[in-house]
Amino acid sequence: MLPARDQPDVVRAAVQGDREAFLALVHRHAPAVRCLCEARAPDALDLDLRAAEAFVAIWELRRAVREPGHWPLFCGRTTQAHLDRQAGLPERRPEGGPAWLADQPLAAREAWLLHHRVEAPDAVPVIDYLGIAQHAYEARWQRAEAGRLKAADLGLDQAPRSPADDSPARITAEVAERLGPAPARRTGVLARLPRLPLALSFLLVLALSALLAALLFQAGTGTGMRPR
């Protein structure tokens with residue numbers, strides 16, 4: 001059973017670029033990110049791919065996370081921003097899917113799907129993804145639920161298409177493919193050497209190049225001054 005919170009060392013490793021740590025977080029948070037995608041396109045057939053694209057955006061911006069406990073909110077906000085850029089009009093009525101759900105505001109659709117797909121005693125609290133108070137979250141999903149109940153009275157309460165059981169695994173595999181192979185691990189003495197920032201590495205190469213040029217110049221000058 002997963003803990004309700006992410007392990008801080010896993011989040012820190014992912015932020016620093018540890019691919020395996022990041023993929024572990026992808027698998028854990030895939031259902032919630034997929035819900036945010038589904039809220040904008042309830043009847044889309046490529047929701048796993050859309051969620052994977054959102055995780056690639058999360059990977060690219062991961063260094064913005066300062067505290068491990070902020071990871072769910074970072075995933076939620078980054079996914080929303082990514083989807084808004086893709087759609088252009090985030091508040092428009094989505095096409096397809098149950099009419100009662102499509103008629104709800106985006107915030108209500110997000111909360112309803114998260115409530116029914118993600119909320120569980122052993123899961124990350126849903127409000128952590130949305131960054132809102134508990135009462136605001138409950139008001140949102142209950143608004144959508146009221147729409148569902150009204151549709152049920154009319155015999156029109158079609159349920160959204162449920163994700164496949166292996167959806168988190170499929171999303172994780174897609175993200176892994178998009179990130180490419182993991183870099184080769186350093187072994188021996190190299191494994192004990194610290195990794196330098198790119199800018200510092202560049203300056204170090206310049207300094208070594210200048211030193212080598214100076215030594216070659218000195219050697220050439222000394223050879224030229226020798227008497228015959």
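Which residues form a nonpolar patch on the surface? In this predicted model, the patch consists of Leu204, Leu208, Leu211 and Leu215, which together have about 380 Å² of accessible area. One of these residues, leucine 208, belongs to helix α11, a segment covering residues 198-224.

Across the whole structure, four aromatic pairs are found. In one of them, the ring centres of phenylalanine 22 and tryptophan 71 are 6.3 Å apart and the planes meet at 85°, so the arrangement is edge-to-face. Because phenylalanine 22 is located in helix α2 (residues 19-40) and tryptophan 71 in helix α4 (residues 71-87), this pair ties together parts that are 49 residues apart in sequence. Both phenylalanine 22 and tryptophan 71 are buried.

An edge-to-face aromatic pair is also formed by tryptophan 100 and tryptophan 112, with a distance of 5.0 Å centre to centre and an angle of 75° between the planes. Tryptophan 100 lies in helix α5 (residues 99-102) and tryptophan 112 in helix α6 (residues 106-117); the two are twelve residues apart, and their pair links distant parts of the chain. Tryptophan 100 has a relative accessibility of 5% and therefore counts as buried. Tryptophan 112 is likewise buried, its relative accessible area being 7%.

Phe22 and Trp71 are also members of a cluster, in which ring pairs link them with Trp59 and Phe74. Within this cluster, tryptophan 59 has a charged neighbour: arginine 62 is positioned over the face of the tryptophan 59 ring, 3.9 Å from the ring centre.

Note on methods. Residues are numbered from 1 along each chain as its sequence is written. This is a predicted model: local features need pLDDT of at least 70, side-chain atom pairs count only at pLDDT 80 or more; totals for chains, interfaces and linings use all residues. Side-chain values use heavy atoms; hydrogens and water are left out. Patches are made of residues with over 30% relative accessible area and no salt bridge: like charges are joined within 9 Å, nonpolar side chains (Val, Leu, Ile, Met, Phe, Trp, Tyr) within 5 Å. Accessible areas come from the Shrake-Rupley method with a 1.4 Å probe; for residues, only the protein chains shown count as cover. A salt bridge is a side-chain nitrogen of Lys or Arg within 4 Å of a carboxyl oxygen of Asp or Glu. Helices (H or I, at least four residues) and strands (E, at least two) are DSSP runs, numbered from the N terminus. Rings of Phe, Tyr and Trp (its six-membered ring) pair if their centres lie within 6.5 Å; planes under 30 degrees apart count as stacked, over 60 as edge-to-face and the rest as tilted. Buried means under 20% relative accessible area, exposed over 50%, partly exposed in between (1.4 Å probe, protein chains only). A charge sits over a ring if NZ of Lys or CZ of Arg is within 6 Å of the ring centre and within 35 degrees of the ring normal.
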